Amino acid sequence: MRNGPLSLPARLYLLAQDPGEPGLDDAPGLDRLVRAGALADLAGRGLLVDDGGIVTPADADSRTGDTVLDELLELVAESRPRTWREWVSSRARLTLDALRAQLAAEGYLRAERRRVLGLFSSVDYGLERVPAVEALHARARQVLAGPLPAAEVPGRDAALVVLAAAAGLRTPAPPDGRQVPSGRVDELVGRAGAGTPLMRAVREVRDALAVASPAPGR
């Protein structure tokens, strides 16, 4: 079991799921959302920096201890230079598959192996720690709708909601019909890593998600 908070891509993946549904949503665009979260997470840790718009490892030898994030860090270091927007899509399925395996190993997902046509091995996933996922959804809704001023929202929570909104996720929206305060998401963008490389990363990957279609939606 994980010791410490979930990574940003892990939180985005779980936020894209409906705790009331038996299966998981693997809608087109989920891989890009997860990849965007991983890029923003690494930028927030200071391990990816912006060099004239190019995503660049700050230190080729640095690691986070998180398998999913470290695999992406290695991929960026070993690949040709790309912009933030390019990295949101480039081989994004690798990050999604690695994340699901990680969440299954940590008990957040249930993995069930099956045979397709009696020949090919496949894995179906389902939510396991439903209360933890419900708590994550409730926290995201609270961040998006208030009452906490945007200036007091932790940067990690702000980045979560900004990227979820850019991808078109419906889960952070208040379920009781309350309106999201005008300009709230823009305020949260400014809160997500203000004055650090994370702000540039969040802006870039948010824009990349916003123009990608279709996007995951719950």
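At 1.5 Å per residue (times one less than the number of residues), the 16 residues of helix H6 (residues 130–145) should span 22 Å, and the 23 Å between its end C-alpha atoms agrees with that. Helices here are DSSP runs of H or I with at least four residues, numbered from the N terminus. Keep in mind that this is a predicted model: local features need pLDDT of at least 70, side-chain atom pairs count only at pLDDT 80 or more, and totals for chains, interfaces and linings use all residues. Residues are numbered from 1 along each chain as its sequence is written, and side-chain values use heavy atoms, with hydrogens and water left out.

**Helix H6**
- Buried residues (under 20% relative accessible area, 1.4 Å probe, protein chains only) in H6 include Val133, Leu136, His137 and Ala140.

**H2 against H3**
- Helix H2 (residues 30–44) packs on helix H3 (residues 67–78) at about 85°, with the axes (lines fitted to C-alpha atoms over the stretch in contact) 10 Å apart.
- That makes the two helices roughly perpendicular, a label covering 65 to 115 degrees.
- Arg35, Ala38, Leu39, Asp41 and Leu42 of H2 meet Leu69, Leu72, Leu73 and Leu75 of H3, where contact means heavy atoms within 4.5 Å.

**Serine 90**
- Serine 90 sits in the loop between helix H4 (84–89) and helix H5 (92–105).
- Its relative accessible area is 15%, so serine 90 is buried.
- Leaving aside residues up to four places away in sequence, serine 90 touches Arg35 and Arg82.

Definitions and conventions:
Buried < 20%, exposed > 50% of the residue type's maximum accessible area, 1.4 Å probe, protein only. Axes fitted to C-alpha atoms, helices over the stretch in contact; angles between N-to-C directions. Parallel < 35°, antiparallel > 145°, perpendicular 65-115°, else oblique.
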